[in-house]
Amino acid sequence: MLTISRELVDKIVAHARADHPDEACGVVAGPAGSDRPERFIPMENAERSPTFYRFDSMEQFRVWRDMDDRDEVPVVIYHSHTATEAYPSRTDISYASEPDAHYVLVSTASDVPEFRSYRIVDGVVTEEEVKIVEAYG
């Protein structure tokens, strides 16, 4: 299960809406070993595409190095789908390289955004419950 603050959900959805019609992407870092998303890090979609996303390799290097320096990990890796449901595509699955991360997809295909989370390990997709909290206990 992904437990995430309402504030972070709102930021992810706002990023997805702002980048529409292109896919938005980014990460939410958290303390290593905590499984608690805390620090929102919107990233550029290097593809600038409505059907595909890719982190810019230099930006990803800097973000991951910064997380290492802060003893953080990518707890959530998110991106949006602009015309389809919030379910990982074959390409999304092939690029999923963080087995401990929650892969969040937001669909901006309708007025009410769809927010879903998955674990993707060795090409196997498992949807998980999302618990939105006002604050972490």
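Residues are numbered from 1 along each chain as its sequence is written. In this predicted model local features need pLDDT of at least 70 and side-chain atom pairs count only at pLDDT 80 or more, while totals for chains, interfaces and linings use all residues, and side-chain values use heavy atoms, with hydrogens and water left out.

Q: How many salt bridges does a search of the whole structure find?
A: A salt bridge is a side-chain nitrogen of Lys or Arg within 4 Å of a carboxyl oxygen of Asp or Glu. Searching the whole structure on that basis gives a total of 13.

Q: Which residue forms a salt bridge with Arg-6?
A: The closest N and O atoms of the pair are 3.6 Å apart. Arg-6 lies in helix H1 (residues 6-19) and its partner in the segment after strand E8 (130-133), so the bridge ties together parts that are 128 residues apart in sequence. Helices (H or I, at least four residues) and strands (E, at least two) are DSSP runs, numbered from the N terminus. The partner of Arg-6 is Glu-134.

Q: Is Glu-134 buried or exposed?
A: Buried means under 20% relative accessible area, exposed over 50%, and partly exposed in between (1.4 Å probe, protein chains only). Arg-6, at 35%, is partly exposed. Glu-134 has a relative accessibility of 64%, so Glu-134 counts as exposed.

Q: How many residues apart in sequence are the parts that Glu-72 and Arg-39 tie together?
A: Glu-72 and Arg-39 form a salt bridge with the closest N and O atoms 2.6 Å apart. Glu-72 belongs to strand E4 (residues 72-81) and Arg-39 to strand E3 (residues 39-43), so the parts tied together are separated in sequence by 33 residues.

Q: What is the relative accessibility of Arg-116?
A: Arg-116 meets Glu-127 in a salt bridge (2.9 Å, N to O). Arg-116 is in strand E6 (residues 114-121) and Glu-127 in strand E7 (residues 124-128). Glu-127 is partly exposed, with a relative accessible area of 43%, whereas Arg-116 counts as buried at 16%.

Q: What is the volume of the second largest pocket?
A: On a 1 Å grid over the protein atoms alone, a pocket is an open set of points where a 1.4 Å probe fits, with protein on both sides within 12 Å along at least five of seven lines; lining residues have an atom within 4 Å of a point. Grid points are joined across faces, edges and corners, and a volume is the space filled by probe spheres set on the points. The largest pocket holds about 230 Å³. The second largest pocket has about 160 Å³.

Q: Which side chain makes a polar contact with the side chain of Asp-92?
A: Asp-92 sits in helix H3 (residues 90-95) and is among the residues lining the second largest pocket. Asp-92 is buried yet has no salt bridge, and the nearest side chain of opposite charge (Lys and Arg count as positive, Asp and Glu as negative; His and the chain ends are not counted) is that of Arg-90, 10 Å away. A polar contact is a pair of N or O atoms within 3.5 Å; within protein, one must be able to donate a hydrogen and the other to accept it, and residues adjacent in sequence count only if both atoms are side-chain atoms. At 3.1 Å, the contact of Asp-92 is with His-79.
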